[in-house]
Amino acid sequence: MDATAVKTGTEGKIWGGDNEPLKASYGKMMMWFFILSDALTFSGFLAAYGFSRFKFVNQWPIADEVFTHFPFLHGVDAPMYYVALMTFILIFSSVTMVLAVDAGHHMKKNKVIWYMFFTIIGGVIFVGSQAWEWSNFISGEFGAVETKGGKILQFVNAEGEQVALESFAASLPNDRTRLTRNEALWYESESSMPDYDLAEVVEGFKANPDLLVRTQILTESGEKTILSREASLAKLENDAVGVVQGANLVHNEYGPPLFADFFFFITGFHGFHVFSGVIINIIIFINVILGTYERRGSYEMVEKVGLYWHFVDLVWVFVFTFFYLV
Amino acid sequence: MAHETSNHGSATKRIWTVFAILSVVTIVEVILGIVRPEFLVETHLFRMHLLNWVFIVLTLYKAYYITWAFMHMEHETKGLRRAVVWTGIFLVCYLIFILLTEGDYIFDVYHDGYISWDF
């Protein structure tokens, strides 16, 4: 780091400022402690997720039923395959990063450039994949009905497979329009309306005798409870208040809204880290191409950004486990 | 630079070995997650089924390799290693203990109380 340091004239003395008791440069050590504090932030998020999950342990959504999409395979039930692929992409970009660091130790500029290039590409693909996951999660798949108590009722056929609202909802005359700010009160509006209203869903349910309601309460074997036809009708008549399609911070067709909240916050915060990691990688990448580190005689900056990049991968390993597997 | 890399060949060999380990562990996790073997789901240990413990152990195993091999923690001095790793582990253990206990208590309140939450 001689390029920026100001000499004090006391080098070599114990308190001269060049002491490295941990044998790591100032920058690298501070990157480690930044990572430690960031790790605690993520731990806080994940532990809070655990708290909420334990609180609703008998009604938490089953990840295999929520994340079932794979690009270009519409309608195919592919639980977890896509997240697994994303995990691989991130691990592999970690490998190319550590190869870039290693090439830097040997002052091989061209190798550093190529490995960093592949790392950046991997990071971009990962962020894109996460955006795609989000859009699937937000738009939802089957749709559900929410009860007075904020619980979710989903619909299944006789085989126990989930059924989408659009496949059975009746079409009734309806003159409700989206509430905008110029209608009633200037500060009240809604962002979107569900495609069906509750009356249409209930009517369609009555017309299809083999449909049943599935609640969010889990049975002993970890599956969602399916009500009898009579209980289903009674539940819809007495408790249902509205239709939910997809998920946002307030409503979630898959189960407790907290699941969606934590999904958005944790994967969002992680995605933000990947994004900023890509940006920092690009900056260092440009510096490598310009020969900045060649002239400085050390590729330590690549090592530092590498530490950050591996940390992002490390966090994803935990997010993957606690969101998709456990 | 704090650590001295040995010759180029062995460093890259180590990287690819670790990549192989991480890949295999991830594949095993995904397979277990899709198959969900009966005996692992039905056996319980400390209020969680065994499968979850398997996932957690495998995750920590992966985390170890990422930190030690990819982040070169194995080449850092003992002091730096302990300052970073132990601080994290102590605080995380505390957080997990306190929050999960509390979450479990609130579940009991919801579940065994005289108020119905399912309406």
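**Two chains, read from the record and the model**

Reply: The unreviewed UniProt entry carries the annotation "transmembrane region" for residues 15-35, 50-71 and 83-100 of chain B; such positions are given in the numbering used here, feature names are shortened, and annotations may be inferred rather than shown by experiment. This is a predicted model, in which local features need pLDDT of at least 70 and side-chain atom pairs count only at pLDDT 80 or more, while totals for chains, interfaces and linings use all residues. Residues are numbered from 1 along each chain as its sequence is written, and chains are lettered from A and ligands numbered from 1 in the order in which they are written.

Me: How far apart are the end C-alpha atoms over residues 83-100 of chain B?

Reply: Helices (H or I, at least four residues) and strands (E, at least two) are DSSP runs, numbered from the N terminus. Residues 15-35 of chain B are 100% helix and 0% strand, with end C-alpha atoms 30 Å apart. Residues 83-100 of chain B are likewise 100% helix and 0% strand, and here the distance between the end C-alpha atoms is 26 Å.

Me: What distance does helix 3 of chain B reach from its first C-alpha to its last?

Reply: The expected span of a helix is 1.5 Å times one less than its number of residues. Helix 3 (residues 50-70) of chain B has 21 residues, for which 30 Å is expected, and its reach is close to that, at 29 Å.

Me: Which residue just after helix 3 of chain B takes a positive phi?

Reply: Within helix 3 of chain B, the buried residues (20 or more other C-beta atoms within 10 Å of their own, against 12 or fewer for exposed and partly exposed in between, with C-beta atoms placed from the backbone) include B:Leu51, B:Phe55 and B:Phe70. Just after this helix, a positive phi of about 60 degrees is taken by B:His72.

Me: Which helix of chain B gives the most to the side that touches chain A?

Reply: Two residues are in contact if their C-beta atoms, placed from the backbone, lie within 7 Å, and the contact takes 46 residues from chain B and 49 residues from chain A. On the side of chain B, helix 1 (8-35), helix 3 and helix 4 (78-112) each supply at least two residues. With 16 residues, the one that gives the most is helix 4.

Me: How many helices and strands are there in chain A?

Reply: Along the sequence, chain A follows the pattern α-α-α-α-β-β-α-β-β-α-β-α-α-α. The count for chain A is 9 helices and 5 strands.

Me: Why does A:Val244 count as buried?

Reply: A:Val244 is placed in strand 5 (residues 240-244) of chain A. Its C-alpha atom is separated by 9.5 Å from that of A:Met193, which is 51 residues apart along the chain. A:Val244 counts as buried because the number of its C-beta neighbours inside 10 Å is 22.
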